[in-house]
Amino acid sequence: MTAEQLGVVSVNVSKEKGTIKLPVSEIVIDERGIVGDAHAGPWHRQVSLLGTESIAKIIAAGMDVHPGDFAENVTTTGIRLWELPIGTQLQLGDTVRLEVTQIGKTCHHHCKIFQQVGDCVMPREGIFARVLQGGMAQVGDTLIILKAATEKALTP
């Protein structure tokens, strides 16, 4: 798959944890994560990503969902994010560099999507990353795998 086939279809932020993220035209990423997003901070889950391939599974189950509804910061297309090993380095747009730190997450409370459909893909297929180099990202940016890690991904 070429870099042109991998890309960003939405960038999303929320000021509060536990809410969906709303699409914005661009995001600024610094050493703490996405500026203005509730999940930014000095930890391993600074940026969350989810693919349209995963969202399509929930749409197929009858839900009307959109980018950001799963609380992901970056909605991508063209890559099975959940198959990337921990430690994989990604380039988002021209300057942002991320390192995959976690595949999936443990949901302590079933979200609205799970309650209505009986399933949610973010706990299995969403990924989290820490920032190696900041910059700006927007819809239409490319997503490139810079350095594939050899370690198998661990899921919670």
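A: Begin with accessibility: a residue is buried under 20% relative accessible area, exposed over 50%, and partly exposed in between (1.4 Å probe, protein chains only). This is a predicted model, in which local features need pLDDT of at least 70, side-chain atom pairs count only at pLDDT 80 or more, and totals for chains, interfaces and linings use all residues. Residues are numbered from 1 along each chain as its sequence is written, and side-chain values use heavy atoms, with hydrogens and water left out.

Q: Is aspartate 64 buried or exposed?

A: Aspartate 64 counts as exposed because its relative accessibility is 62%. Helices (H or I, at least four residues) and strands (E, at least two) are DSSP runs, numbered from the N terminus; aspartate 64 lies in the loop between helix 1 (52-60) and strand 6 (74-77).

Q: Which residues are buried on the two sides of strand 7?

A: In a regular strand, side chains alternate between the two faces of the sheet. In strand 7 (residues 89-92), Gln89 and Gln91 are buried on one side, and Leu90 and Leu92 are buried on the other.

Q: How many bridges join strand 7 to strand 8?

A: Two strands pair if DSSP finds at least two bridges between them. Strand 7 and strand 8 (residues 96-103) run antiparallel and are joined by four bridges; leucine 90 has leucine 98 in strand 8 as its bridge partner. The two strands form a hairpin with three residues between them, and glycine 93 in the turn has a positive phi of about 70 degrees. Strand 7 also pairs with strand 11 (residues 143-147), in the antiparallel sense over four bridges, where isoleucine 144 is the bridge partner of glutamine 91.
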